[in-house]
Amino acid sequence: IILARMQREAQKQAIASQKLGQYRLEEKLGSGGMGVVYKGVHAILRRPTAIKLLHVEKVNDGSIERFEREVQITCQLNNPNTVAIYDYGRTEEGIFYYAMEYLSGLNLEDLVRRHGPLPPERAVHLIRQVCGALLEAHVAAQQILVGQIAATRDQATADLASAKTTNKALEQARRDALAQE
């Protein structure tokens, strides 16, 4: 018990130092049942990155298995509207993490809250992209929350946003689909 407490303290100190392996943590973006996500930067590549950490207090064999399954499944998806996974690892302190594409836009919930309902053509444009990402994941999503969909600038058409379905949304959809079987 004492050793486990010491390890948790070392993990918390590593996070507080804002350094995680080759990544520098900049700001906390959010947290959920299994983990917490930070905006970070790779020390050498200088690429903005979203870094998901497994909650220090919730580390056990089951949570590690789910965390690894989440990253393994998500990294195999190639749809341009699915967030890309860059890295997975465990720090010297025992913190499990993975690094993924950082999305600099608003999530769909915030977009609608700030600007009101989307024009039909823009909503259809975004929904088609989300459906493509979910189709690749082979799930019938019933509980994808609008806060789990990011709207980013589409480089091809600056007036339209591009939708990116986050790994959290895809994992929730997978869990829902498995529960229905």
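**Exercise 1.** Which residues of α2 are buried? Describe the helix around them.

*Solution.* The model is predicted: local features need pLDDT of at least 70, side-chain atom pairs count only at pLDDT 80 or more, and totals for chains, interfaces and linings use all residues. Residues are numbered from 1 along each chain as its sequence is written, and side-chain values use heavy atoms, with hydrogens and water left out.

Step 1. Locate the helix. Helices (H or I, at least four residues) and strands (E, at least two) are DSSP runs numbered from the N terminus. Helix α2 covers residues 61–75, 15 residues in total, and its first and last C-alpha atoms are 21 Å apart, close to the 21 Å expected at 1.5 Å a residue; the expected span is 1.5 Å times one less than the number of residues.

Step 2. Sort by accessibility. Buried means under 20% relative accessible area, exposed over 50%, and partly exposed in between (1.4 Å probe, protein chains only). In α2, Ser63, Ile64, Phe67, Glu70, Val71 and Thr74 are buried. Seen down the helix axis, these buried residues fall within an arc of 125°, so they line one face of α2. The arc is taken from the directions from the helix axis to the C-beta atoms. Asp61 and Glu65, on the other side of α2, are exposed.

Step 3. Inspect the N-terminal end. Asn60 caps α2 there, with a side-chain oxygen 2.9 Å from the backbone nitrogen of Gly62.

**Exercise 2.** Trace the aromatic cluster that includes Phe67.

*Solution.* Step 1. Rings of Phe, Tyr and Trp (its six-membered ring) pair if their centres lie within 6.5 Å; planes under 30 degrees apart count as stacked, over 60 as edge-to-face and the rest as tilted. A search of the whole structure finds three aromatic pairs.

Step 1. Take Phe67 with Tyr88. Their ring centres are 6.3 Å apart and their planes stand at 45°, so this pair is tilted. Phe67 belongs to helix α2 and Tyr88 to strand β5 (residues 85–90), so the pair ties together parts 21 residues apart in sequence. Phe67 has 0% relative accessibility and counts as buried, whereas Tyr88, at 31%, counts as partly exposed.

Step 2. Take Phe67 with Tyr98. This pair is also tilted, at 5.1 Å centre to centre and 45° between the planes. Tyr98 lies in strand β6 (residues 96–101), 31 residues from Phe67. Both Phe67 and Tyr98 are buried.

Step 3. Phe67, Tyr88 and Tyr98 form one aromatic cluster.

**Exercise 3.** Where does Asn81 lie, and what does its side chain contact?

*Solution.* Step 1. Asn81 is in the loop between α2 and β5. Its relative accessible area is 11%, so Asn81 is buried.

Step 1. The side chain of Asn81 makes a polar contact with that of Gln129, at 2.8 Å. A polar contact is a pair of N or O atoms within 3.5 Å; within protein, one must be able to donate a hydrogen and the other to accept it, and residues adjacent in sequence count only if both atoms are side-chain atoms.

**Exercise 4.** How many disulfides does a search of the whole structure find?

*Solution.* Step 1. A disulfide is a pair of cysteine sulfur atoms within 2.5 Å. The search finds zero.

Step 1. Consider two cysteines. Cys75 is partly exposed at 43% relative accessibility, and Cys131 is partly exposed at 44%.
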